[in-house]
Amino acid sequence: MSQAFHKTIHNNLVRSKFKNEERPILVNNWEATYFDYDEEKLKPIVDEAKDMGIEMFVLDDGWFGHRDDDNSSLGDWKVYQKKFPQGIGHFADYVHAQGLKFGLWVEPEMVSFDSDLYQQHPDYLMQVPGRAPSPSRNQYLLDMGREEVRQNIYDQLVKVFKEAKVDYIKWDMNRNMSDVFASDLPSDQQGQVYHRYILGVYKLMEDLTAEFPNILFEGCSGGGGRFDAGWAYYMPQIWASDNTDAIARQTIQYGTSLVYPVSMTTAHVSAIPNHQTGRKTPFDTRGAIAMSGVFGYELDLTKMSQADKDQVKVQVKQYQAIRSLVQFGDFYRLKSPSEGNQTAWNFVSADKKEAVLVTAQVLAYAQPYLTKTKLAGLDPDKYYQDQETKVIYGGDELMNLGFYDPVVHEDYTAKMYHFKAID
């Protein structure tokens, strides 16, 4: 069922030029700096990314208006001069000069009271007459059902996308809908507002993706809030969750895979203690889980130990070797994180000549019991060699007998296996 969904969405809904292209490995500055940055503070992160082989730098929230926290500037899509005194194009040129692609975060459907847009056009707000609108994260909804609202946002975004020579856009929406009322509609059409809103957002995305076919767009709505097939039509990948904890991500990514292809699911290695759960997981565990999706990093590369920096280089090369298989191979769920102490899934190439297996265990035990993992989707008549140990297995052996999982004396472990068929 899942593979039918994966193929249907990928083949028939996703239309981006990036549909069948390997997605770049990125580093996002959000969990590294939050709002506290300027061009000079970001350059060392870019330099480290270049040294580690990372392929894209993404500038997250805080680059526009006068935004130093989440109280202002949504709706004002122009560069914050204090942070980028020579313009955002100058910083983008620096990123490109290091051989990295450049990405940018936007939240086009939102407005802050403390913004030029609201001061000039308070009527653009989605608001029930006679009632104060409900804030969430100190932000409010624009009425995207109105053409003049969309045109204003479109004109602003086009200008900044061109100035920054953007390669990638992360499109966010960090609140639920409320105060759903359109000031330009009569009372008997207010029931249409939700529908008109979404059609308006689609129209804005249609215009922007048509104007910028070479930009890779990624959807995000507080992390996975808009993981739907309509979004796939415009955005070939989606940020699955703002929860970057590797243990929580096993359930998140496992569940997402029920319907959506792996090529749509982005996943990042973040710092420890994890910013959402406080959990401390080993670096290779965070890597194995994140490499089970469209891979990237969300941490301050300049504050990492040398050992972790060296491991990033290893992970980048490792992922580059398996990227096409992970993003576009057949995906099989083997052990559910919701049903026990372990998680397992594997990816198989269309010709069944290559496979990647990821296994994970949450807790270790003083008296561990032996467990096995059996793969799926292989050719029973082929022989497969583990690329690390060089041990050779029959495809039928791996699927019917499997092999024993290693006994570990540490919590939160994961392991990745890479198999290739031999003649």
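**Charged side chains and their partners**

Guide: The side chain of Arg 249 reaches the backbone oxygen of Ser 241 at 2.7 Å, a polar contact (N or O atoms within 3.5 Å, one able to donate a hydrogen and the other to accept it; residues adjacent in sequence count only if both atoms are side-chain atoms). The model is predicted, with local features requiring pLDDT of at least 70 and side-chain atom pairs pLDDT 80 or more, while totals for chains, interfaces and linings use all residues. Numbering starts from 1 along each chain as its sequence is written, and side-chain values use heavy atoms, without hydrogens or water.

A polar atom of the Arg 249 side chain also lies 3.1 Å from the backbone oxygen of Thr 266. Arg 249 belongs to helix H9, residues 246-256 (helices are DSSP runs of H or I, at least four residues; strands are runs of E, at least two; both are numbered from the N terminus). Leaving aside residues up to four places away in sequence, Arg 249 touches several others, among them Trp 239, Tyr 254 and Ile 289 (heavy atoms within 4.5 Å).

Arg 249 is buried (under 20% relative accessible area; exposed is over 50%, partly exposed in between; 1.4 Å probe, protein chains only). Even so, Arg 249 has no salt bridge (a Lys or Arg side-chain nitrogen within 4 Å of an Asp or Glu carboxyl oxygen). The nearest side chain of opposite charge, Asp 242, is 6.8 Å away (Lys and Arg count as positive, Asp and Glu as negative; His and chain ends are not counted).

Elsewhere, pairs do form: the whole structure holds 27 salt bridges. In one, Glu 48 and Lys 309 bring their closest N and O atoms to 3.0 Å. Glu 48 sits in helix H3 (residues 39-52) and Lys 309 in helix H11 (residues 306-328), so this pair ties together parts 261 residues apart in sequence. Glu 48 is buried at 19% relative accessibility, as is Lys 309 at 13%.

Asp 123 pairs with Arg 146 at 3.2 Å between the closest N and O atoms. The two lie in loops on either side of strand S5 (140-141), 23 residues apart. Asp 123 is partly exposed at 39%, whereas Arg 146 is buried at 7%.

A further salt bridge joins Glu 388 to Lys 415, closest N and O atoms 3.3 Å apart. Here Glu 388 is exposed at 57% and Lys 415 partly exposed at 27%.
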